[in-house]
Amino acid sequence: MPRYQGARLSAQLTGHKVRVVCNRCKLHRQYDGTTLVSRVGPAVSLPDLLTRIAVGLGCDLNISPTPNGIRCALHYEELGAAREE
């Protein structure tokens, strides 16, 4: 069961480009949604997938925030195209 109940799932990314951005790190990445789904499976919640991407890029702030509460700022740039019609 996804950790974030009600969150959209990775299966919705198939056939779309997935862009993630961190304004804090000045990071911009684009992934092929079909490739992401083949790697992580179709039932990963999008918040969990974002954490996996951040960790894969070397950020551990979602796993263990700093003592002053700074957390990873990685977010999806555009997911409107991944919505179910």
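This is a predicted model: local features need pLDDT of at least 70, side-chain atom pairs count only at pLDDT 80 or more; totals for chains, interfaces and linings use all residues.
Trainee: Which residues of α1 are buried?
Mentor: Gly 33, Leu 36 and Val 37 are the buried ones in α1. They cover an arc of only 95 degrees around the axis, which puts them on the same side of α1. The arc is taken from the directions that run from the helix axis to the C-beta atoms. Buried means under 20% relative accessible area, exposed means over 50%, and partly exposed is in between (1.4 Å probe, protein chains only).

Trainee: Fine. Back to α1: which exposed residues sit on the face turned away from its buried side?
Mentor: Ser 38 and Arg 39.

Trainee: I lost track of the elements. In what order do they run?
Mentor: From the N terminus on, the order is β-β-α-α-β. That is two helices and three strands. Both kinds are DSSP runs, numbered from the N terminus: helices are H or I with at least four residues, strands are E with at least two.

Trainee: Now α2. Which of its residues are buried?
Mentor: α2 covers residues 46-56, and its buried residues are Leu 46, Asp 48, Leu 49, Leu 50, Thr 51, Ile 53 and Ala 54. Their cover includes β1, β2 (27-32), α1 (33-40) and β3 (75-76). Just after α2, Gly 58 takes a positive phi of about 100 degrees.

Trainee: How many residues are in the largest nonpolar core?
Mentor: It has 18 residues, and those with the most contacts inside it are Leu 13, Val 20, Leu 49, Cys 72, Leu 74 and Tyr 76. β1, α1 and α2 are the elements that give two or more residues to this core. The largest share, five residues, comes from α2. A nonpolar core is a set of buried Ala, Val, Leu, Ile, Met, Phe, Trp, Tyr and Cys residues joined through side-chain atoms within 4.5 Å. In general, nonpolar side chains tend to be buried together in soluble globular proteins.

Trainee: Is Cys 22 buried or exposed?
Mentor: Cys 22 is buried, at 3% relative accessibility. Cys 72 is buried too, with a relative accessible area of 15%.

Trainee: How far apart are His 75 and Cys 22, in sequence and in space?
Mentor: They are 53 residues apart in sequence and 6.4 Å apart in space, C-alpha to C-alpha. His 75 lies in strand β3 and counts as partly exposed at 31% relative accessibility. A polar atom of the His 75 side chain lies 3.1 Å from the backbone oxygen of Ala 73.

Trainee: Where is Ser 10 found?
Mentor: Ser 10 is in the segment before β1 (17-22). Ser 10 is buried, with a relative accessible area of 1%. Its side chain reaches the backbone oxygen of Gly 41 at 2.6 Å. Leaving aside neighbours within four places in sequence, the residues in contact with Ser 10 include Val 37, Gly 41 and Leu 49. Contact means heavy atoms within 4.5 Å.

Trainee: Last one. Where does Lys 26 lie?
Mentor: In the loop between β1 and β2. Lys 26 counts as exposed, at 65% relative accessibility. Lys 26 has a positive phi of about 60 degrees although it is not a glycine.

Key
Residues are numbered from 1 along each chain as its sequence is written. Side-chain values use heavy atoms; hydrogens and water are left out. A polar contact is a pair of N or O atoms within 3.5 Å; within protein, one must be able to donate a hydrogen and the other to accept it, and residues adjacent in sequence count only if both atoms are side-chain atoms.
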